[in-house]
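Keep the sequence and the structure open beside you as you go.

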Amino acid sequence: MSHPLHPAVVHFPIATWSLASVADIAGLWWHGPAFAFAAWLLLVGTAMALVAAATGMAQFLQLPTNDVRGDLVMRHMSLVLVAFACYATSLLLRMHGVDWQGGTAPAPAPWAVGASIVGFVFLLLGGYQGGQLVYRHRVGIERS
């Protein structure tokens, strides 16, 4: 493939994790269905984040050594890894008690919702850095 995959697949964990954080906030009012939806979104987002991380690492390894953009890549990667840790922790904290087929879930521990919200903040910060890499520093964009 002639173009990098990372920019294409990264939208899936961004969308699912962001919606999971929204569902967690909505769950404070609508409880079970919203928390079950959040759990599903966390599960899909975390799985897709592994794909995004693999494609991002492959793209990172194609950067020339001593590239000045390497520091920005490391900052982006660090922020997104913290987001991954937060969302994966939120998922693990709520795994017990989720009825995956029935679409209900008990209210997760406050720590699980908190991890989701903190993950969203780091996701925004890491996504901003990723945008800087593509749109400002043109990482992964062919020059003609």
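**Exercise 1: One leucine and its surroundings**

Leu43 lies in helix H3 (residues 32-61), where helices (H or I, at least four residues) and strands (E, at least two) are DSSP runs numbered from the N terminus. A word on the basis: this is a predicted model, in which local features need pLDDT of at least 70 and side-chain atom pairs count only at pLDDT 80 or more, while totals for chains, interfaces and linings use all residues. Residues are numbered from 1 along each chain as its sequence is written, and side-chain values use heavy atoms, with hydrogens and water left out.

*Task.* Find out how exposed Leu43 is and which residues it is in contact with, leaving aside neighbours within four places in sequence.

*Solution.* 
- Step 1: Start with the accessibility. The relative accessible area of Leu43 is 33%. Buried means under 20%, exposed over 50%, and partly exposed in between (1.4 Å probe, protein chains only), so Leu43 is partly exposed.
- Step 2: Now list the partners. Beyond its neighbours within four places, Leu43 is in contact with Leu91 and Trp100, contact meaning heavy atoms within 4.5 Å.
- Step 3: Leu43 and Ser116 are 73 residues apart along the chain, and their C-alpha atoms are separated by 12 Å.

**Exercise 2: Two helix pairs**

*Task.* Describe how H2 packs with H3, then how H4 packs with H5.

*Solution.* 
- Step 1: Recall what is needed. Two packed helices are described by the angle between their axes and the distance between the axes. Axes are lines fitted to C-alpha atoms, for helices over the stretch in contact, and angles run from 0 to 180 degrees between N-to-C directions.
- Step 2: Take H2 and H3. Their axes come within 8 Å and cross at roughly 160 degrees. That makes H2 roughly antiparallel to H3, given that angles under 35 degrees count as roughly parallel, over 145 as roughly antiparallel, 65 to 115 as roughly perpendicular and the rest as oblique.
- Step 3: The H2 and H3 crossing is left-handed, that is, the near helix is turned anticlockwise from the far one by less than a right angle (clockwise would be right-handed).
- Step 4: Sort the contact residues of H2 with H3 by class: 20 nonpolar, five polar and one charged. Ala, Val, Leu, Ile, Met, Phe, Trp, Tyr, Cys and Pro count as nonpolar, Asp, Glu, Lys and Arg as charged, and the others, Gly among them, as polar.
- Step 5: Turn to H4 (residues 70-94) and H5 (residues 110-136), whose axes come within 8 Å and cross at roughly 160 degrees. H4 is thus roughly antiparallel to H5, the crossing is left-handed, and the contact has 19 nonpolar, eight polar and two charged residues.

**Exercise 3: Salt bridges**

*Task.* How many salt bridges are there, and is Asp24 buried or exposed?

*Solution.* 
- Step 1: Apply the rule: a side-chain nitrogen of Lys or Arg within 4 Å of a carboxyl oxygen of Asp or Glu. The count comes to two salt bridges.
- Step 2: Asp24 pairs with Arg94, the closest N and O atoms being 2.9 Å apart. Asp24 lies in helix H2 (residues 11-30) and Arg94 in helix H4, so the pair ties together parts that are 70 residues apart in sequence.
- Step 3: Asp24 has 0% relative accessibility and counts as buried; Arg94, at 5%, counts as buried too.
- Step 4: Arg69 and Asp67 form a salt bridge at 2.7 Å, N to O, and both are buried.
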